[in-house]
Amino acid sequence: MPGVGELLRPAAPVPAASDERQATGRERHDQKITVYLSASELLELEHARLKLRRFGFVLDRGRLVREAVAILLADLDARGRDSLIALRVARTENTAEEYGDSGDRDGDAVPSLEWVQQLVAR
């Protein structure tokens, strides 16, 4: 049975009022991608979902991933080369060149998500 939010949502998606992207909610999605995660990444994703549940936000992992993608794409649109994703990719590539491979590395080479806290605080 659909929830209240689904029953009362507009028939067509409402465009964002700003340059902020909106993630799709609980609806049928015709497009699909496959993403492989390590055990620790999947555990972190589940921890984030449970933390949001404690804050009163009930969502599945797919919705959490769609929201994260929307945030990163909006940041890329707004900040370009200074966006978090661009900085992470650039630093990961630089680290890989230093080590002579193309693998991702964890650690200080990749910026944190502190900007999200600043963005939400606005």
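**Charged pairs**

Student: Which residue forms a salt bridge with Arg28?
Tutor: For a salt bridge, we want a side-chain nitrogen of Lys or Arg within 4 Å of a carboxyl oxygen of Asp or Glu. The closest N and O atoms in this pair are 3.4 Å apart, and the partner of Arg28 is Asp30.

Student: Before we go on, what sort of model is this?
Tutor: Residues are numbered from 1 along each chain as its sequence is written, and side-chain values use heavy atoms, leaving out hydrogens and water. Local features need pLDDT of at least 70, side-chain atom pairs count only at pLDDT 80 or more, totals for chains, interfaces and linings use all residues, and the model itself is predicted.

Student: Are Arg28 and Asp30 buried or exposed?
Tutor: Go by relative accessible area: under 20% is buried, over 50% is exposed and in between is partly exposed (1.4 Å probe, protein chains only). Arg28 has 74%, and Asp30 has 63%. So both of them count as exposed.

Student: How far apart are the closest N and O atoms of Arg61 and Glu46?
Tutor: Arg61 and Glu46 form a salt bridge too. Arg61 sits in helix α3 and Glu46 in helix α2, so the pair ties together parts 15 residues apart in sequence. Helices here are DSSP runs (H or I, at least four residues; strands are E, at least two), numbered from the N terminus. As for the closest N and O atoms of Arg61 and Glu46, they are apart by 4.0 Å.

Student: How are α2 and α3 oriented to each other?
Tutor: Helix α2 covers residues 39-54 and helix α3 covers residues 61-79; they pack at an angle of about 95 degrees, with axes 10 Å apart. The axes are lines fitted to C-alpha atoms over the stretch in contact, and angles run from 0 to 180 degrees between N-to-C directions. Angles under 35 degrees count as roughly parallel, over 145 as roughly antiparallel, 65 to 115 as roughly perpendicular and the rest as oblique. That is why α2 and α3 are roughly perpendicular.

Student: Which residues of α3 do the α2 residues meet?
Tutor: A contact means heavy atoms within 4.5 Å. From α2 come Leu42, Leu45, Glu46, Ala48, Arg49 and Leu52, and in α3 they meet Arg61, Leu64 and Val65.

Student: Is Arg49 buried or exposed?
Tutor: Arg49 has its place in helix α2. It touches Leu59, Asp60, Arg61 and Leu64, leaving aside residues up to four places away in sequence. Its relative accessibility is 16%, so Arg49 counts as buried.

**The whole protein**

Student: How many helices are there in the protein?
Tutor: Along the sequence, the pattern reads α-α-α-α-α. There are 0 strands, and the number of helices is 5.

Student: What share of the 122 residues is buried?
Tutor: Ala74, in helix α3, is one example, since it counts as buried at 13% relative accessibility. In the protein, the buried share of the 122 residues is 12%.
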